[in-house]
Amino acid sequence: TNTSFMEHNYDYEEENIDLLGQKYHRDYVINGNLDSYNEMIDYAESNDLESQEVFNQLKLYVDIDELINYYIISIYFGNCDFLQNNLKLWRNRSLSSSKWRWILLDNDVSLGWGSLSIYGDGTSTCGVNYNHLERFLNPLNETWGHKPFNLLLNNESFKNEFIQKFLVSINTVFKPDRVLHFIDSLKNNIE
């Protein structure tokens with residue numbers, strides 16, 4: 001994913017895009033700069049995140065709905081090549097109302113792929129029996145790109161919204177019959 005994605009899908013000029021990435025624990029600027037991201041983190045770390053006023057201010061920096069969706073799908077998929085790797089986020093710095101959005105990418109090590117590992121019992125870091133939710137919420141696994149989510153979990157309003165959206169998603173979007181139907185239809189298209 002590069003700035004041409006934002007140009008083609010949002011009609012934004014490349015020179016106005018801040019695009020940040022993380023690959024194997026290495027954080028980098030793909031385009032633009034870190035100024036707004038660092039400002040957001042500084043604000044979050046120096047204020048009481050339990051305050052609704054502070055949370056409302058952070059909502060000016062982050063597309064909260066999309067951040068929650070990003071984590072729900074990554075946790076559901078059991079994306080094992082995530083947290084330390086394959087992370088990108090972007091914003092249009094020419095718009096004062098532009099918010100940081102995370103980009104879902106590179107999910108090939110997901111949906112139990114790790115259960116094919118040498119362990120074979122599904123409990124490896126990528127196995128189907130591994131507790132991915134615990135892994136994602138463990139502050140010891142925090143990386144630069146996941147700091148906003150982890151900081152926002154200190155706010156009850158955000159935490160409740162995340163839990164409620166997660167429950168709704170599990171019971172609608174990710175309902176097993178629906179997911180299997182979708183996978184089977186893709187399989188049939190390939191065959």
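In what sense do strand E3 and E4 pair, and over how many bridges? Strand E3, residues 87–92, pairs with E4 in the antiparallel sense over 3 bridges. Two strands count as paired if DSSP finds at least two bridges between them.

Some ground rules. This is a predicted model, where local features need pLDDT of at least 70, side-chain atom pairs count only at pLDDT 80 or more, and totals for chains, interfaces and linings use all residues. Residues are numbered from 1 along each chain as its sequence is written, and side-chain values use heavy atoms, with hydrogens and water left out.

Now the overview. The protein chain has 8 helices and 4 strands. Helices (H or I, at least four residues) and strands (E, at least two) are DSSP runs, numbered from the N terminus. Along the sequence the pattern reads α-β-β-α-α-α-β-β-α-α-α-α. Of the 191 residues in the protein chain, 40% are buried. Buried means under 20% relative accessible area, exposed means over 50%, and partly exposed is in between, with a 1.4 Å probe and protein chains only. Take the contacts between residues at least 6 apart in sequence: 64% join residues at least 24 apart. Contact here means heavy atoms within 4.5 Å.

Next, the sheet. It is open, has 4 strands in the order E2-E1-E3-E4, and the pairing is antiparallel. Strands E2 (26–31) and E4 (101–103) stand at the edges with a single partner strand each, so one side of each has no neighbour in the sheet. From one strand to the next, the twist averages 25°. Angles run from 0 to 180 degrees between N-to-C directions, and axes are lines fitted to C-alpha atoms, for helices over the stretch in contact.

Stay on E3. E3 also pairs with E1, in the antiparallel sense, over 6 bridges. On that side, Gln22 stands opposite Leu87. On the E4 side, Trp90 stands opposite Arg101, and the bridge partner of Lys88 is Ile103. How many of the residues of E3 are buried? The count is 6 of 6. Side chains alternate between the two faces of the sheet in a regular strand. Here Leu87, Leu89 and Arg91 point one way, while Lys88, Trp90 and Asn92 point the other.

Over to Asp18, in strand E1 (residues 17–23). Is Asp18 buried or exposed? Asp18 is buried, at a relative accessible area of 1%. Its side chain makes a polar contact with the side chain of Arg91, at 2.8 Å. A polar contact is a pair of N or O atoms within 3.5 Å; within protein, one must be able to donate a hydrogen and the other to accept it, and residues adjacent in sequence count only if both atoms are side-chain atoms. A polar atom of the Asp18 side chain also lies 2.9 Å from the backbone nitrogen of Asn33. Leaving aside residues up to four places away in sequence, Asp18 touches several others, including Leu89, Trp90 and Trp100.

Now the rings. Rings of Phe, Tyr and Trp (its six-membered ring) pair if their centres lie within 6.5 Å; planes under 30 degrees apart count as stacked, over 60 as edge-to-face and the rest as tilted. By this rule the count is 13 aromatic pairs. Why is the pair of Tyr76 and Phe174 stacked? The ring centres are 4.0 Å apart and the planes are at 15°, so the pair counts as stacked. Tyr76 sits in helix H4 (residues 64–77), and Phe174 sits 98 residues away, in the loop between helix H7 (156–171) and helix H8 (176–190). Tyr76 is partly exposed at 27% relative accessibility, whereas Phe174 is buried at 12%.

Phe162 and Phe166 make an edge-to-face pair, 5.7 Å centre to centre with 70° between the planes. They are 4 residues apart in helix H7, so about one helical turn separates them. Phe162 is buried at 6%, and Phe166 is buried at 15%.

Last stop, Glu45, in helix H2 (residues 35–45). Glu45 is partly exposed, with a relative accessible area of 46%. Glu45 and Lys147 are 102 residues apart in sequence, yet 9.9 Å apart in space, C-alpha to C-alpha. Beyond four places away in sequence, Glu45 touches Lys147 and Leu151.
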